[in-house]
Amino acid sequence: MPDLTSIIKAYDVRGVVPDQWDETVARAIGTAFAEFVHGETGATSVVTAHDMRDSSVPLSRAFAEGVLSRGIDVVEAGLGSTDMLYFAAGSLEMPGAMFTASHNPAQYNGIKLCRAGAAPIGQDSGLVQIREWAEQLLDGAAPFGRDPGRLGTVSTRDVAVEYADYLRGLVDLSGIRPLKVVVDAGNGMGGHTVPVVLSGLPLEIVPMYFELDGSFPNHEANPLDPANLVDLQAGVREHGADIGLAFDGDADRCFIIDERGEPVSPSAITGLVAVRELAKGTGTVIIHNLITSRAVPEIVREHGGEPVRTRVGHSFIKAEMARTDAVFGGEHSAHYYFRDFWRADTGMLAAMHVLAALGEQARPLSELTAAYERYVASGEINSTVADQAGRVAAIREVYGERDGVTLDELDGLTVSLPDGAWFNLRASNTEPLLRLNVEAPDATRMAQVRDEVLEVVRA
């Protein structure tokens with residue numbers, strides 16, 4: 001029996017093409033996905049979109065063949081960002097599939113799957129069943145008893161303008177002061193969506209790497225790595241810009257650079273957007289994952305909100321947002337989720353909130369965001385580790401017996417120290433890595449904790 005556990009993870013499909021998966025696998029996953037969504041809700045159509053990677057079109061078409069074989073129609077939205085696919089799944093009320101490997105290197109590709117209304121499909125909500133059915137198909141079995149009676153049909157629909165209009169209806173930028181904005185699309189899908197969404201506004205856009213190129217010739221489209229922000233930081237300083245925006249490969253995440261060329265932490269952006277969403281008076285619950293700054297729940301409470309802590313990952317956060325009717329959620333990785341956007345993540349909408357907050361007043365961005373930056377964080381530090389569980393166990397042993405230390409295993413291992421410092425160590429879902437995040441009251445203490453943990457992890 002084929003084993004797809006190496007590519008079908010907690011909340012998406014991700015792997016090297018063609019070594020780990022190819023069009024044959026994509027076709028099987030499409031077949032299983034179609035049968036799953038039809039059996040669950042009677043869905044008769046699926047919408048797809050894809051990023052700019054060379055393998056995305058062949059994989060998406062093979063997936064579509066699988067969907068069509070089950071009598072389900074396919075609506076192809078074509079080139080798009082992941083949040084554009086979520087918009088299509090939400091506005092068209094169709095299950096969706098986005099072909100992208102997000103920030104991963106060029107040899108990777110993947111699929112992000114959702115139900116109609118952009119509702120998540122993850123390990124605990126259907127992805128295991130889809131994987132098992134796809135494995136049976138690849139093994140030559142025919143697990144489906146239903147005869148669809150016909151093949152599905154294919155149609156195309158360009159949703160880019162509808163997507164842009166919808167976002168602009170949620171955040172009004174027409175009355176802000178003029179801003180100079182440097183945007184680094186990293187040769188990813190931001191180069192496709194930014195011109196559509198932000199054109200005609202009082203914004204002078206200075207584009208960087210807008211050419212769609214899945215080989216990422218300038219730098220990886222992973223703004224979580226500080227090395228990939230260097231060009232944008234220099235561009236902001238060179239152009240005397242008010243703000244810089246960095247999108248990842250599928251443009252569902254956005255990192256913010258202030259007018260000095262300094263990164264603004266995603267936790268600060270989470271706090272800022274949370275305050276704006278709470279001010280609408282339409283809800284009080286704000287979701288934050290366990291790696292965001294402790295400043296986020298503090299700020300939420302100070303503005304009359306109710307912070308709810310959850311584990312990392314979009315399917316988990318979306319499920320928690322649905323359970324609590326949260327108005328907004330933010331992650332340390334610059335994923336931002338909005339109830340007004342089908343509880344899905346959209347870096348573009350978060351960026352528009354920041355542009356609005358900046359443009360509605362006269363202070364520079366560094367002053368505006370200072371109120372949301374209360375502690376010193378390490379950022380995410382990755383260590384390639386063969387025995388992930390063993391290294392986490394070693395950290396648990398080192399810290400578990402110390403006075404005043406508390407351990408939390410909601411997602412990986414979170415260790416809270418008595419002086420207010422804390423760190424989280426968790427295994428990557430997609431790569432052989434341990435991810436470390438440290439936060440402390442000051443830079444000296446942060447560095448001390450960081451170095452002590454890394455010494456054990458990398459021993």
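This is a predicted model: local features need pLDDT of at least 70, side-chain atom pairs count only at pLDDT 80 or more; totals for chains, interfaces and linings use all residues.
Visitor: Which way do the residues of β20 point, and are they buried or exposed?

Guide: In strand β20, which covers residues 413-416, Leu413 and Val415 point one way while Thr414 and Ser416 point the other way, and all of them are buried.

Visitor: How does β19 pair with β20?

Guide: Strand β19, residues 406-408, pairs with β20 in the antiparallel sense over 3 bridges, and leucine 407 stands opposite valine 415 of β20. The two strands form a hairpin with 4 residues between them, and in that turn glycine 412 has a positive phi of about 70 degrees.

Visitor: And what about β20 and β21, how many bridges there?

Guide: β20 and strand β21, residues 422-427, are joined by 4 bridges, again in the antiparallel sense, with serine 416 opposite tryptophan 422 of β21. This hairpin has 5 residues between its strands, and glycine 420 takes a positive phi near 100 degrees.

Visitor: Changing topic, which residues have the most contacts inside the largest nonpolar core?

Guide: That core has 86 residues, and those with the most contacts inside it are Leu173, Leu198, Ile243, Leu245, Ile256 and Phe341. Its largest share, 10 residues, comes from helix α11, which spans residues 347-359.

Visitor: What is isoleucine 243 in contact with, leaving aside neighbours within four places in sequence?

Guide: With those neighbours set aside, the contacts of isoleucine 243 include Lys180, Val181, Val182, Val236, Ile256 and Ile257, as well as Val354, Leu355, Leu358 and Leu365.

Visitor: How many residues are in the second core?

Guide: The second core, which is separate, has 32 residues, among them Ile7, Ala26, Ile29 and Ala43.

Technical notes. Residues are numbered from 1 along each chain as its sequence is written. Side-chain values use heavy atoms; hydrogens and water are left out. Buried means under 20% relative accessible area, exposed over 50%, partly exposed in between (1.4 Å probe, protein chains only). Two strands pair if DSSP finds at least two bridges between them. A nonpolar core is a set of buried Ala, Val, Leu, Ile, Met, Phe, Trp, Tyr and Cys residues joined through side-chain atoms within 4.5 Å. Contact means heavy atoms within 4.5 Å.
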